[in-house]
Amino acid sequence: MKRAVSYLLDLLFPPKCAFCGALMEHTGSGVCPRCSSALPFLPDNRVLREVNTFPAAVTFYYDEPVSTGIKALKFRKTPWRAKIFARYLAQTAAEYLGGQFDEVTFVPVSLKRNYQRGFDQARLLADEAAKIWSCRAVPTVRKVRDNRRQSSLDSPEDRAENVKNVYRVPHPEQVAGKRFLLIDDVLTTGSTISACAAALMDAGAASVVCAALAGGRSPQKNAPAGELDASDKAGGGN
């Protein structure tokens with residue numbers, strides 16, 4: 001019966017690859033063979049990095065087909081992709097940050113951007129990752145003012161300045177003494193995620209570790225700095 005239902009669903013709603021959007025014969029892993037063989041995983045010695053004293057684990061380079069998938073998630077209103085992406089992020093976080101967190105949270109977009117888009121992509125990733133660990137992601141940080149898009153700024157110094165006093169924890173009693181995994185979709189200079197992590201620490205969190213689906217270009221790409229940050233959480237309108 002389950003196989004019959006799955007077959008009918010595939011006929012009515014043809015499954016697509018979460019990265020490139022190509023139609024697939026069967027739902028399966030949610031990733032087509034072409035993308036599966038081309039996913040730009042970071043090498044083991046580059047997955048874990050430190051962002052302003054906060055450990056951060058990143059799964060992929062921000063290259064094709066990952067960049068196409070993330071842009072489609074955010075700008076083409078295809079939230080179903082987050083479930084597929086979260087599997088990769090959760091595996092990386094568990095492998096490199098396991099045992100270092102008790103709670104899962106995320107870098108928020110602004111209320112305005114959430115309304116325009118209809119969802120917060122980092123929250124979707126956090127929700128789906130938390131389900132894998134049989135827990136739930138909790139909202140802890142709030143974006144309290146709009147600022148310029150991080151992608152419009154080239155230097156790490158300008159990006160860090162752009163997110164100053166942007167994030168607050170409205171209910172410190174909910175985070176005090178807890179160890180958090182803070183999730184975002186893309187990590188470039190780390191200004192945004194480290195600003196959120198610092199807000200958690202200022203509110204009394206015991207520790208914060210971070211994870212992102214993608215970050216930076218592979219050494220072969222040599223992309224301009226302004227193209228590296230697909231994450232627009234700290235940008236104008238968030």
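Predicted model: local features only at pLDDT ≥ 70, side-chain atom pairs only at ≥ 80, totals over all residues.
Trainee: What makes β1 and β3 edge strands of the open sheet?

Mentor: The sheet has five strands in the order β1-β2-β7-β6-β3, with mixed pairing, and β1 (48–51) and β3 (103–106) are its edge strands because each pairs on one side only. From one strand to the next, the twist averages 30°.

Trainee: How do you know that β1 and β2 are paired?

Mentor: Pairing requires at least two bridges between the strands, and four bridges join β1 to β2 (residues 54–60), so the two count as paired, and they run antiparallel. Within this pair, R49 stands opposite A56 in β2.

Trainee: Which residues lie nearest the centre of the largest pocket, and which elements contribute two or more residues to its lining?

Mentor: The pocket, with a volume of about 330 Å³, is lined by 18 residues, of which P108, R123, P139, V141 and R142 lie nearest the centre. The elements that give two or more residues to this lining are α6 (111–117) and β4 (142–143).

Trainee: What does "buried" mean when it is applied to 50% of the 238 residues in the protein chain?

Mentor: A residue is buried when its relative accessible area is under 20%, so 50% of the residues in this chain, which has nine helices and seven strands, fall under that cut-off.

Technical notes: Residues numbered from 1 in each chain as written. Heavy atoms only, no water. 1 Å grid on protein atoms, 1.4 Å probe; cavity = no way out; pocket = protein on both sides within 12 Å on 5 of 7 lines; lining within 4 Å. Points joined across faces, edges and corners; volume = space filled by probe spheres on them. Axes fitted to C-alpha atoms, helices over the stretch in contact; angles between N-to-C directions. Buried < 20%, exposed > 50% of the residue type's maximum accessible area, 1.4 Å probe, protein only.
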